[in-house]
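Let's take a walk through this structure together.

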Amino acid sequence: MNVRAKVPAAERAKVDEPEPAIAAPATPAPAETANAAPKKKRPRRRVFLLASVPVLLLLVGGYVWLTGGRYISTDNAYVQQTRVAISSDVAGKIADVMVQENQTVKAGDVLFRIDPASYKIALQAADAALAQARLQIQQLQASYRTALAKLDAAQATADIRHRSLQRSLDLSKKGFATPADVDSAQLAVTQADNDVALSRQSVDSARAALNGNPDLPVDQQPAVLTALSNQAKAELDFERTTVHAPVAGIVSQIDNLNKGQYVSEGTQMLSIVQDGDTWIQANYKETQLTHVVPGQKVDVSIDTYPDLAISGTVGSIGAATGSEFSLIPAQNATGNWVKVVQRIPVRIKINGDITRILRSGMSADVSVDTGKTRLDRMTQD
């Protein structure tokens, strides 16, 4: 038995209704077409904007470039201060240390002492040698005077003997003197002449011992001068056992300075960073120094004190590039050559009393005011 579902008449009517047709788009009125026509001008405005922006950027960039180039800057710059290496001029054990790391010292302050015992003994020996040399010169001068006196006496005796011989010869001619008397007088003359010759040689020997000038003062004789120099050397060595600060500054690197340590002559024991002698070394590229000359104003910024405004002037430009002073300079003549822009050190003088807060090796930014822009140089040329 088949059962069929009954559908309401209202729903059957909806199913049998035909679907509505899609309406065709209405044709716009002539007035509406006229109003829509100006919209075609928008692409022209867009093209204008796209073309004007690069031109404007080019003009602004050209203006900036032409008005630039006045300030030459680099961050390859460092604070520099004079460092004095302190060493011992004599050898010995360190007896006392008077300074500490980073201590401020004045010129003349005692840094350390070396045991002076051996040098004091050497000084005493030099004093004794000097006294001995003076005594010897005085003895030689006395011997010279004695030799002169003997020469005068021998010469006087010889004169008497010569007169006696002459009288004997005269008497012999008259028959009043025998030949024996003449021979005796002749012998006396010969002996007197020999005594004169010997005395003269003694005088010459005494004069030679006094460097040929017996009238020189004792302390100007060569032997005494030698003793004086030895004494001065011994005294200087004794004084050098106490090491003083040659300049004022800050003591640094005293790790090797220990009491009881043996020190050889010339060994560096510490360093002093000198006060009041501070400058900036700016390493500029060689292409940046075309218009940089000494005397130009400089603005400096220290990395440690970014808010501190520091002014200065260009003091001098290095005589050579940094590579010329390197331990192993580049050998560009080998054929394996690549051009590299070199850097030349420029010394910057710092204005004002701010060096007390600066430390050697601090990084800095340096800007040199050349006083002329690129446009100024182009118009001047």
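What follows goes from the whole chain to its sheets, a helix, the cores and a few single residues.

This is a predicted model, in which local features need pLDDT of at least 70, side-chain atom pairs count only at pLDDT 80 or more, and totals for chains, interfaces and linings use all residues. Residues are numbered from 1 along each chain as its sequence is written, and side-chain values use heavy atoms, with hydrogens and water left out.

The protein chain has seven helices and twelve strands; helices (H or I, at least four residues) and strands (E, at least two) are DSSP runs numbered from the N terminus. Buried residues make up 26% of its 381 residues, where buried means under 20% relative accessible area, exposed over 50%, and partly exposed in between, with a 1.4 Å probe and protein chains only. Among the contacts in the chain with a separation of 6 or more, 80% are between residues 24 or more positions apart; a contact means heavy atoms within 4.5 Å.

Four strands form it in the order 5-4-2-7, with antiparallel pairing; two strands pair if DSSP finds at least two bridges between them. Strand 5 (242-244) and strand 7 (262-263) stand at the edges with a single partner strand each, so one side of each has no neighbour in the sheet. Within the sheet, strand 2 (residues 92-97) and strand 4 (residues 110-114) pair in the antiparallel sense over three bridges. To find this pairing on your screen, look for Ile-94, which stands opposite Ile-114 in strand 4.

Now turn to strand 1 (residues 71-87). Six bridges join strand 1 to strand 12 (residues 363-369), and the two run antiparallel; here Tyr-78 stands opposite Ser-363. Strand 1 also pairs with strand 8 (residues 268-285), again in the antiparallel sense, over ten bridges. In that pairing, Val-84 stands opposite Ile-272 in strand 8.

Which residues of helix 6 are buried? They are Val-224, Ala-227, Gln-231, Ala-234 and Asp-237.

Thr-241 is buried, with a relative accessible area of 3%. Leaving aside neighbours within four places in sequence, its contacts are Val-90, Phe-112, Arg-113, Ile-114, Asp-115, Pro-116 and Tyr-119.

Next come the nonpolar cores, each a set of buried Ala, Val, Leu, Ile, Met, Phe, Trp, Tyr and Cys residues joined through side-chain atoms within 4.5 Å. In the largest core, of 23 residues, Ile-280, Tyr-284, Val-300, Ile-302, Ile-348 and Val-366 touch the most other members. Strand 1, strand 8, strand 9 (297-302), strand 10 (310-317), strand 11 (343-350) and strand 12 each supply at least two residues of this core, and the largest share, four residues, comes from strand 11. Apart from this core lies another, of 20 residues, among them Val-84, Val-105, Val-243 and Val-251.

Gln-342 lies in the loop between strand 10 and strand 11. At 26% relative accessibility, Gln-342 counts as partly exposed. Gln-342 and Tyr-284 are 58 residues apart in sequence, yet 8.4 Å apart in space, C-alpha to C-alpha. A polar contact of 3.0 Å joins the side chains of Gln-342 and Ser-323; such a contact is a pair of N or O atoms within 3.5 Å, where, within protein, one must be able to donate a hydrogen and the other to accept it, and residues adjacent in sequence count only if both atoms are side-chain atoms.

Finally, check two backbone angles. Most residues other than glycine have a negative phi. Asn-102 has a positive phi, near 65 degrees, and lies in the loop between strand 2 and strand 3 (104-105). Gln-253 also has a positive phi, near 60 degrees, and lies in the loop between strand 6 (249-252) and strand 7. Asn-102 counts as exposed at 53% relative accessibility, and Gln-253 counts as exposed at 51%.
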